[in-house]
Amino acid sequence: MSITGYNGPFTFASRFENGKGTNPEELVGAAQAGCYSMFLSALITGEGLTPERIETEAAVTLGELDGGPAITNITLDCTVKCEGLSEEKFKELSVLAKEKCPISRLYAGGTASIDLNAKLV
């Protein structure tokens with residue numbers, strides 16, 4: 001498979017075993033984490049603050065639904081460093097970013113839930 005920034009194996013082993021390469025679920029997780037981080041950054045910036053660091057990782061769970069494989073959960077683990085951002089405002093913005101970023105909206109009402117663990121440091 002070759003896409004922007006990635007050229008490598010995309011095989012049964014990379015998807016269901018421990019083979020080298022990536023798989024669709026990892027790409028979905030990367031899209032979710034990136035979209036969430038960018039939207040959260042925009043929300044924080046809209047508050048007149050400048051985030052020093054936003055790091056988000058996504059863990060995608062592949063389960064079964066209606067007799068076939070399905071993404072059943074995405075857990076986002078996010079750490080933010082931003083001078084002047086209160087814990088209360090951070091919680092509000094982090095939840096809003098999870099609900100309103102374009103990739104989250106893509107999955108709204110679907111089979112996957114998206115969980116969020118966000119920390120202000």
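**Close-up views of a predicted model**

**View 1. Helices H2 and H3 cross in this predicted model.** The axes of H2 and H3 come within 9 Å and cross at roughly 135°. H2 is therefore oblique to H3. The crossing of H2 past H3 is right-handed. On the H2 side, the residues that meet H3 are Tyr36, Phe39, Leu40, Leu43 and Ile44. Their partners in H3 are Phe90, Leu93, Ser94, Leu96, Ala97, Lys98 and Lys100.

**View 2. The largest nonpolar core has 18 residues.** Leu40, Ile44, Val80 and Leu85 have the most contacts inside this core. Four elements each supply at least two of its residues: helix H2 (24-46), strand S4 (68-81), helix H3 (87-100) and strand S5 (113-120). In soluble globular proteins, nonpolar side chains tend to be buried together.

**View 3. Ile44, one of the core residues with the most contacts, and its partners.** Residues up to four places away in sequence are left out here. Ile44 then touches Leu49, Pro51, Ile54, Val80, Cys82, Leu85 and Leu93. Two of these partners, Val80 and Leu85, are also listed with Ile44 as having the most contacts inside the core. Ile44 is also among the H2 residues that meet H3.

**View 4. Ile54 in strand S3.** Neighbours within four places in sequence are set aside. Ile54 is in contact with Ser37, Leu40, Ser41 and Ile44, and also with Cys78, Thr79 and Val80. Thr79 lies 25 residues from Ile54 along the chain. Their C-alpha atoms are separated by 5.8 Å.

**View 5. Cys78 in strand S4.** Cys78 is buried, with a relative accessible area of 1%. Its C-alpha atom and that of Ile54 are separated by 7.0 Å.

**View 6. Asp66 in the loop between strand S3 (53-65) and S4.** Asp66 has a positive phi of about 55°, although it is not a glycine. Most residues other than glycine have a negative phi. Asp66 is exposed, with a relative accessible area of 78%.

**View 7. The whole chain, for orientation.** The secondary structure comes to 4 helices and 5 strands. Along the sequence, the pattern reads β-β-α-α-β-β-α-α-β. The protein has 121 residues, of which 31% count as buried. Take the contacts between residues at least 6 apart in sequence. Of these, 61% join residues at least 24 apart.

**View 8. Confidence across the predicted model.** The average pLDDT is 87. A score of at least 70 is reached by 83% of the residues. Helix H1 (residues 12-16) has the lowest mean pLDDT among the elements, at 61. H3 has the highest, at 96.

Conventions:
Residues are numbered from 1 along each chain as its sequence is written. This is a predicted model: local features need pLDDT of at least 70, side-chain atom pairs count only at pLDDT 80 or more; totals for chains, interfaces and linings use all residues. Side-chain values use heavy atoms; hydrogens and water are left out. A nonpolar core is a set of buried Ala, Val, Leu, Ile, Met, Phe, Trp, Tyr and Cys residues joined through side-chain atoms within 4.5 Å. Buried means under 20% relative accessible area, exposed over 50%, partly exposed in between (1.4 Å probe, protein chains only). Contact means heavy atoms within 4.5 Å. pLDDT is the predictor's confidence in each residue, from 0 to 100. Axes are lines fitted to C-alpha atoms, for helices over the stretch in contact, and angles run from 0 to 180 degrees between N-to-C directions. Angles under 35 degrees count as roughly parallel, over 145 as roughly antiparallel, 65 to 115 as roughly perpendicular and the rest as oblique. A crossing is left-handed if the near helix is turned anticlockwise from the far one by less than a right angle, and right-handed if clockwise.
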